[in-house]
Amino acid sequence: MHDARELESYIRRKFAEHVGLSEAELFSEDLTLAALISRSPKMTNSVDLMEAFARTSNGLRKDYGLRVRLPALSLDTPVSKVLDVFLHEVLNPERKSA
Amino acid sequence: MTIQTPKAQSVEVSLPPSPSPFNGGAVAEGRPAIMLELHDALTRQGLSLVDLTWEQQRLHESRRWSVVEMLGAVDFTRLSDSDRHLVWNAGRAELTTKPGADRLERLADLECRRWLEKDPTVAAIMQACGTWSRYWNEEEAHHETAFNRLSTVMRLEPVSNATFIEFRKVFPDDDMLRTLTLLAISEVVAAVNYGQCAAIIQDPGLKALFKQVAADEIQHMTYFVAFAKALVDSGAYKAKEAFAVAHLFLRDGGEVHGSKRERVEARGTHVNWWDHLEHREGMYTPDALHKKEQLIFHALKRITGITVDSREAVEDTWMDLVGC
């Protein structure tokens, strides 16, 4: 069983890296996904967002052996909720995201 | 051919048949067809943009049909409420194709100039695509006007100018391979829907119209797949972009479910037609999800060479292609 705090820290770091924003900017303001796409220097639309989720998931698989199915979330979802969904998936690997 | 001279004299000019690259220079040309191996045609076969445009023109001409004649064959007294609703939905949906084609023309030309020095073959693929967009636009005009004219004649709920203008919003730009894959999948969904409509409609005139439009959409899908494949074959574009768009449609709650989804994303930038189909109690609604999935898998195979046979395989392949 992996440490939840360690996993949260990893997801925050990797997701911020793939989005191209600092962790502080991403999480302290609790940006929505729409705002995140608009601010990110790497993103144009929700396909780019899907790719950032995929890269983060692939990192979890490579570094922790955890298989996470990608969440499909609406663009008004705040990043804190994204983090919750990721953690929930990591800690409950049998379940799939809605 | 007749040419008017400055003195208004008619001069008959016989133009010799030009050598055709498709039949070794013989006069007779084969049946017009979509160039499925476009990258190979431009490189190994050495075809020019003029050659490709001639093929596009020949195919377009061979497929032309008259909206006025087709509407004349519809017997309004035989149409059910459900048939009328299908026509109304189709007319609104088709309003979004003009901005799609306008945008493709502009994006293809921009991309053509961006690639011109770096890779002239990619530039030529882009220009062939932008050139073809004029035929796509014209053919989609047939669909839009046919269905909306039927709606008007049958006094169905009018499309307001506000809706017309809203549905004409031009889509934001994106990577060209993603754009072409999205357009191919949009045509798959439209073609299957129209095919389903044609199967259930009893009036021969309206049935023929839906069948004709479905056949046009399949032809458009084939063109988009051919252009997308050429970009992948060039090595300049990565297969992951095609898989990303397929996953966007096929994932849980994905675009392929359109307005049947519990929640449809509110977009201020443009209108995705599949998000705006209205489903009404007791009225037939086309679906055929399995058929759409199979056609999308087939399109992915043709574009990228990678075989997939399930939604999960699309997601897994895409994630492998994305990497960490």
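**A loop residue and the helix packing**

A: D30(A) counts as exposed, because it has 12 C-beta neighbours inside 10 Å, and 12 or fewer is the limit for that label. The model is a predicted one. D30(A) sits in the loop of chain A that runs between α2 (23–28) and α3 (33–39). As background, most residues other than glycine have a negative phi.

A288(B) belongs to the loop between α10 and α11 of chain B, and because it has 15 C-beta neighbours inside 10 Å it counts as partly exposed.

Two packed helices are described by the angle between their axes and the distance between the axes. For α10 (residues 239–250) and α11 (residues 289–304) of chain B, the angle is about 175 degrees and the axes are 10 Å apart; α10(B) and α11(B) are therefore roughly antiparallel to each other. From α10(B) the contact takes in A239(B), A242(B), F243(B), A246(B), F249(B) and L250(B), and from α11(B) it takes in E293(B), I296(B), L300(B), I303(B) and T304(B). Sorted by class, these are nine nonpolar residues, one polar and one charged.

Helices α8 (residues 176–200) and α9 (residues 204–234) of chain B form another pair, with axes that come within 8 Å and cross at roughly 160 degrees. That angle is why α8(B) is described as roughly antiparallel to α9(B). The crossing of α8(B) and α9(B) is left-handed, and the residues of their contact comprise 22 nonpolar, three polar and four charged.

Turning back to chain A, helix α1 (residues 4–19) and helix α4 (residues 46–64) pack at an angle of about 140 degrees, with 9 Å between their axes. This makes α1(A) oblique to α4(A), and their crossing is right-handed. In α1(A) the residues I11(A), K14(A), F15(A), H18(A) and V19(A) meet A52(A), R55(A), T56(A) and G59(A) in α4(A); by class the contact holds four nonpolar, three polar and two charged residues.

In soluble globular proteins, nonpolar side chains tend to be buried together. Here the largest nonpolar core has 104 residues, and I125(B), F227(B) and A228(B) touch the most other members. Leaving aside residues up to four places away in sequence, I125(B) touches L38(B), H39(B), L42(B), F227(B), A230(B), L231(B) and S234(B).

W54(B), in helix α2 (residues 49–62) of chain B, counts as partly exposed because it has 18 C-beta neighbours inside 10 Å. Between W54(B) and C112(B) there are 19 Å in space, C-alpha to C-alpha, and the two are 58 residues apart in sequence.

Finally, the two chains meet: 15 residues of chain A are in contact with 16 residues of chain B. On the side of chain A that touches chain B, six residues are nonpolar, six are polar and three are charged.

Note on methods. Residues are numbered from 1 along each chain as its sequence is written. Chains are lettered from A and ligands numbered from 1 in the order in which they are written. This is a predicted model: local features need pLDDT of at least 70, side-chain atom pairs count only at pLDDT 80 or more; totals for chains, interfaces and linings use all residues. Two residues are in contact if their C-beta atoms, placed from the backbone, lie within 7 Å. Ala, Val, Leu, Ile, Met, Phe, Trp, Tyr, Cys and Pro count as nonpolar, Asp, Glu, Lys and Arg as charged, and the others, Gly among them, as polar. Axes are lines fitted to C-alpha atoms, for helices over the stretch in contact, and angles run from 0 to 180 degrees between N-to-C directions. Helices (H or I, at least four residues) and strands (E, at least two) are DSSP runs, numbered from the N terminus. Angles under 35 degrees count as roughly parallel, over 145 as roughly antiparallel, 65 to 115 as roughly perpendicular and the rest as oblique. A crossing is left-handed if the near helix is turned anticlockwise from the far one by less than a right angle, and right-handed if clockwise. A residue is buried if 20 or more other C-beta atoms lie within 10 Å of its own, exposed if 12 or fewer, and partly exposed in between; C-beta atoms are placed from the backbone. A nonpolar core is a set of buried Ala, Val, Leu, Ile, Met, Phe, Trp, Tyr and Cys residues joined through C-beta atoms within 7 Å.
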